[in-house]
Amino acid sequence: MIVSFLNQKGGVGKTTLAVHTAAAVALAGHRVVLVDADPQGSALDWLASREAEPLFPVVGMPRPVLHRQVADLAAGCDLLVIDGPPTLTDIARSAMLASDLVLIPVTPSPYDVWAAGELVRLIDEVRVVRDDLVARFVISRKIVGTAIGRDVEEALKAWPSVPVLEAVVSQRVVFAETAASGSTAVETGRDAKAVREIEDLRDAVVAAAFSGRQVA
């Protein structure tokens with residue numbers, strides 16, 4: 001299975017979700033590879049900060065032909081996660097072509113909702129040649145204790161071709177704290193609510209991509 005996290009906006013938690021999804025699946029006993037397709041190399045920086053043994057390899061591949069180059073990597077693992085670029089470039093399109101599932105992190109902000117349309121249009125274009133491509137919005141960095149996330153979920157219904165995942169990931173300090181040391185919330189277990197949200201996201205990713213099948 002190949003899952004990509006894509007959004008043309010920065011600051012939506014794309015790398016956080018990519019790294020944590022990869023970690024949650026790896027900790028469940030599966031083979032995972034993370035491809036850093038962001039020219040900024042945030043996932044590679046995360047790995048470079050890590051002192052513990054890596055849970056999974058991170059491969060830098062910010063290339064517009066990555067959909068032709070990830071097949072061998074994907075064949076050797078159960079899950080390949082692509083952390084995409086923060087712009088709608090040929091790299092983003094290539095990541096879509098490679099993917100079974102595209103996840104679009106959206107923060108509870110009208111700016112993110114307004115920007116979502118262009119990404120959905122690109123997904124619809126890619127579906128002309130990849131009619132099996134699954135895409136979902138995921139609410140990211142939700143402010144705990146507010147109803148703003150529900151408001152954004154309602155607004156995103158304007159694009160029915162891309163439903164919203166039920167799993168929501170909130171803005172939590174533990175994500176920033178663990179990133180600084182190349183770790184993850186699911187490894188440290190310091191915030192049980194954060195861990196539960198990531199595990200829910202992991203389960204939703206598997207369900208969306210496999211439609212009832214399980215990770216190998």
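This is a predicted model: local features need pLDDT of at least 70, side-chain atom pairs count only at pLDDT 80 or more; totals for chains, interfaces and linings use all residues.

Student: How many salt bridges does the count come to?
Tutor: The count comes to 13 salt bridges. Among them is one between Asp-38 and Lys-14, whose closest N and O atoms are 3.7 Å apart.

Student: Where do Asp-38 and Lys-14 lie?
Tutor: Asp-38 belongs to the loop between strand S2 (32-36) and H2, while Lys-14 belongs to helix H1 (residues 14-27), so this pair ties together parts that are 24 residues apart in sequence.

Student: Is Asp-38 buried or exposed?
Tutor: Asp-38 counts as buried, because its relative accessibility is 4% and the limit for that class is under 20%. Lys-14 is buried as well, with a relative accessible area of 6%.

Student: And which salt bridge do Asp-83 and Lys-14 form, in terms of N to O distance?
Tutor: Their side chains meet in a salt bridge of 2.8 Å, N to O. Asp-83 lies in strand S4 (residues 79-83) and Lys-14 in helix H1, so the pair ties together parts that are 69 residues apart in sequence. Both Asp-83 and Lys-14 are buried.

Student: Let us change topic. Where is Arg-50 found?
Tutor: Arg-50 sits in the loop between helix H2 (42-48) and strand S3 (58-60). With 11% relative accessibility, Arg-50 counts as buried.

Student: What does the side chain of Arg-50 meet in a salt bridge?
Tutor: The partner is the side chain of Glu-187, at 2.6 Å from N to O. This pair links distant parts of the chain, 137 residues apart: Arg-50 is in the loop between H2 and S3, and Glu-187 is in helix H9 (residues 185-188).

Student: How does Glu-187 count in terms of relative accessibility?
Tutor: Glu-187 counts as partly exposed, at 28% relative accessibility, whereas Arg-50 counts as buried.

Student: Which residues is Arg-50 in contact with, leaving aside neighbours within four places in sequence?
Tutor: Arg-50 is in contact with Leu-55, Ser-181, Gly-182, Ser-183 and Glu-187.

Student: Now the helices. At what angle do H5 and H6 pack?
Tutor: Helix H5 (residues 90-98) and helix H6 (residues 110-126) pack at about 50°, and their axes are 10 Å apart. That angle makes H5 oblique to H6. The crossing of the two is right-handed.

Student: Which residues in H5 and H6 meet?
Tutor: From H5, Arg-93, Met-96 and Leu-97 meet Leu-119, Leu-122, Ile-123, Glu-125 and Val-126 of H6.

Student: Finally, where is Pro-110 found?
Tutor: Pro-110 is found in helix H6. Pro-110 counts as partly exposed, at 44% relative accessibility. Its C-alpha atom is separated by 9.5 Å from that of Asp-151, a residue 41 residues apart from Pro-110 along the chain.

Key. Residues are numbered from 1 along each chain as its sequence is written. Side-chain values use heavy atoms; hydrogens and water are left out. Helices (H or I, at least four residues) and strands (E, at least two) are DSSP runs, numbered from the N terminus. Buried means under 20% relative accessible area, exposed over 50%, partly exposed in between (1.4 Å probe, protein chains only). Contact means heavy atoms within 4.5 Å. A salt bridge is a side-chain nitrogen of Lys or Arg within 4 Å of a carboxyl oxygen of Asp or Glu. Axes are lines fitted to C-alpha atoms, for helices over the stretch in contact, and angles run from 0 to 180 degrees between N-to-C directions. Angles under 35 degrees count as roughly parallel, over 145 as roughly antiparallel, 65 to 115 as roughly perpendicular and the rest as oblique. A crossing is left-handed if the near helix is turned anticlockwise from the far one by less than a right angle, and right-handed if clockwise.
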